[in-house]
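I opened the file and kept notes as I went. The entries follow in the order I looked things up.

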Amino acid sequence: MTPRLFTFFLIALGLTACQGAADSGSNQKPMNVLYIMADDLAYQAISAYGSDISKLAPTPNIDRIAQNGARMDAVYCTNSICGPSRSSILTGKFSHENGFYKNVDGGDFDGSQLTFPKIFQANGYETAVIGKWHLGTEPTGFDYSKVLINWGGQGTYFKPVFCVNGTDTVTEYRRHSTQVIEDDCIDWLSQRDGDKPFMLLYQFKAPHRDWRPDSMYHDLFTDFDFPVPETFDDDYAGRLAASENMMEIENHLNRRDMKQEPPAGLETRRDSMRWLSYGDQGQFWTPNDTLQGEELKHWKYQTYIKDYLRCVAGVDRAIGRVLDYLEESGLDENTLVVYTSDQGFYLGEHGWFDKRWMYEESFKMPFVIQCPGVIEPGSTSDAMAMNVDFAPTLLDFAGLDVPDEMQGESFKSALDGGGVAPRSSVYYHYYEYPKWHKVQPHYGIRTDRFKLMHFYYSMDEWELYDMEADPLEMNNLYAEADPELVATLKAELDSIRRLYGDDGSLEQMKLMTDTVIQRVYTEPSKAK
Ligand code: CA
């Protein structure tokens with residue numbers, strides 16, 4: 001869309017949307033929106049979801065949102081990596097439509113597109129994004145932005161560098177990244193223009209790799225070890241794509257992940273970096289001569305999971321602070337609060353860390369939401385939803401119209417007692433290969449009962465799971481399944497691909513993986 005057409009579109013949208021908001025309750029205060037998102041924070045690490053791990057490392061503040069409102073159990077990411085998920089969330093469109101479908105060689109997010117923050121802004125909301133952005137280009141649609149820009153936009157846990165309103169850069173020397181974002185969120189809320197409703201994206205870097213917690217959490221979990229998940233020693237039998245992965249706790253965690261210190265005597269920074277990343281490609285290393293085999297694998301797991309959960313503890317604290325602020329200021333009564341993560345993550349399931357696969361742990365997103373007077377406290381929902389549905393849902397809760405060009409649909413009616421979920425299946429497509437972790441590009445469909453996936457890049461492999469009989473996805477049924485069931489699922493997959501316009505040939509899809517899209521973004525070097 002040209003800039004001029006886009007401006008016209010926003011104006012037209014603003015007119016209709018304001019009417020929608022006015023109709024939704026003439027003597028009610030407008031609904032504020034607080035959208036909280038962590039990075040790589042798996043549902044298995046949230047105690048509201050009840051996993052064994054989370055019983056030992058509870059998240060009372062994320063749980064508060066579920067207690068005040070609803071926990072959703074079937075919300076899925078459409079492309080399980082950072083930038084692509086964030087782009088789908090902002091635009092309400094799948095990766096192939098919004099254009100940002102890979103983190104590696106995938107360019108940057110096109111910020112001239114229509115996004116939900118722009119719609120809130122056009123409808124009189126004061127809008128802001130604070131914390132992780134990771135889309136390369138400058139945030140658009142916000143009255144205020146303060147986002148991480150160093151380390152390729154990932155930001156760092158310590159000495160993080162932020163860019164304020166696209167111009168000023170500031171390095172934080174004393175506080176941990178989570179603490180900075182937490183303080184900034186409270187500052188912005190307390191200093192904003194109180195006459196307008198607000199829409200705030202409050203987004204953490206934590207608990208992204210390399211899992212470096214605030215020192216205040218170093219003593220957590222020192223007196224016990226976490227149980228390993230049931231599929232920790234998976235041998236990937238019957239799953240060729242999974243067998244080729246490079247994201248195993250046993251074989252692919254590097255020295256930096258395990259908080260090793262480079263030995264004295266390395267001459268250059270490059271030598272140190274190489275020493276720290278040793279292990280990425282499956283190179284064997286051990287922290288001492290005695291730790292080997294199973295013992296070494298378990299040491300790596302405990303080191304990983306404890307640092308990960310210490311980072312989660314910081315996120316939970318920061319969420320508690322803003323919930324307290326809303327309650328103390330009375331804002332909680334007319335504020336929609338969402339907590340989610342840009343995707344799920346493996347906490348040792350299948351022997352893995354990282355994400356990317358359409359297997360449940362990385363495909364499913366945690367999603368808890370509170371909205372007083374609209375969502376029944378303590379409710380749960382198994383309505384199927386996708387990250388492209390977030391934008392329409394937030395707009396819907398605020399009484400704003402959802403533009404036709406968004407591919408997602410609002411799932412408000414699954415939460416407000418008004419009816420059923422909008423969909424009977426969800427769609428997935430992952431493109432990035434071979435960096436990082438050698439996860440074969442694949443697409444697939446999940447219904448409430450079955451999951452069908454096609455790994456197509458340098459193999460032609462199908463996988464089918466009965467999610468009721470085999471929720472851990474260890475038994476690929478594709479070769480032995482009833483041909484009628486396979487045909488039905490393939491027809492549904494074809495149909496959903498056509499519906500979303502992602503029905504190109506395998507050659508076209510492979511070309512998308514191979515295409516190198518240069519970044520236009522360069523990290524500002526003038527950081528103070
Ligand atoms: Ca992420």
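**Entry 1: a tyrosine in a loop**

Is tyrosine 43 buried or exposed? I started there, keeping in mind that the model is predicted. The relative accessible area of tyrosine 43 is 13%. Buried means under 20%, so tyrosine 43 counts as buried. I then looked up its place in the chain: tyrosine 43 is in the loop between strand 1 and helix 2 (52-56). Leaving out residues up to four places away in sequence, I listed what tyrosine 43 touches: Tyr49, Glu360, Glu361, Lys364 and Pro366. I also checked tyrosine 43 against threonine 340. The two are 297 residues apart in sequence, yet 9.0 Å apart in space, C-alpha to C-alpha.

**Entry 2: the calcium ion**

Which protein donors does the calcium ion have? I found Asp39 (OD), Asp40 (OD), Asp342 (OD), Asp342 (OD) and Gln343 (OE1). They lie 2.2 to 2.8 Å from the ion. Along the chain, the donors follow the spacing D-D-x301-D-Q. I checked burial for two of the residues: aspartate 39 and aspartate 40 are both buried.

Strand 4 (residues 126-131) and strand 8 (residues 198-203) run parallel and are joined by 6 bridges. Glycine 131 has glutamine 203 of strand 8 as its bridge partner.

Then I looked for helices on the sheet.

**Entry 3: strand 6 and its partners**

How many bridges join strand 5 to strand 6? I found 3, and the two strands run antiparallel. Leucine 148 stands opposite phenylalanine 162 of strand 6. Strand 6 also pairs with strand 7, in the antiparallel sense, over 4 bridges. There, phenylalanine 162 stands opposite valine 170.

I checked the side chains of strand 6. Val161 and Cys163 point one way, Phe162 and Val164 the other, and all are buried. The hairpin of strand 6 and strand 7 has 3 residues between the strands. In this hairpin, asparagine 165 takes a positive phi near 50°.

**Entry 4: burial of helix 4**

I went back to helix 4 and counted buried residues: 10 of its 10. Among them are Arg86, Ile89 and Leu90. What covers them includes strand 1, helix 5 (95-98), helix 6 (116-122), strand 8 and helix 13 (390-397). Just after helix 4, glycine 92 takes a positive phi of about 70°.

**Entry 5: helix 3 against helix 11**

At what angle do the axes of helix 3 (residues 60-68) and helix 11 (residues 293-328) cross? I read roughly 45°, with the axes coming within 7 Å. Helix 3 and helix 11 are therefore oblique to each other. On the helix 3 side, the contact is made by Pro60, Asn61, Ile62, Arg64, Ile65 and Asn68. On the helix 11 side I listed Asp316, Arg317, Ile319, Gly320, Leu323, Asp324 and Glu327. The residues of this contact divide into 5 nonpolar, 3 polar and 5 charged.

The last item was an open sheet of 4 strands, order 13-14-15-16, with antiparallel pairing. Strand 13 (425-430) and strand 16 (461-466) each have a single partner strand, so one side of each is left without a neighbour in the sheet. Neighbouring strands here are turned by 10° against each other on average, direction ignored. Strand 14 (residues 442-447) pairs with strand 15 (residues 450-455) over 5 bridges. Histidine 442 stands opposite phenylalanine 455 of strand 15. I also found helix 14 (residues 483-499) lying across strand 13, strand 14, strand 15 and strand 16. Helix 14 runs at about 110° to strand 14.

Note on methods
Residues numbered from 1 in each chain as written. Predicted model: local features only at pLDDT ≥ 70, side-chain atom pairs only at ≥ 80, totals over all residues. Heavy atoms only, no water. Donors = N, O, S within 2.8 Å, 3.2 Å for Na, K, Ca; no water. Buried < 20%, exposed > 50% of the residue type's maximum accessible area, 1.4 Å probe, protein only. Pairing = 2+ DSSP bridges. Axes fitted to C-alpha atoms, helices over the stretch in contact; angles between N-to-C directions. Parallel < 35°, antiparallel > 145°, perpendicular 65-115°, else oblique. Contact = heavy atoms within 4.5 Å. Nonpolar A, V, L, I, M, F, W, Y, C, P; charged D, E, K, R; others polar.
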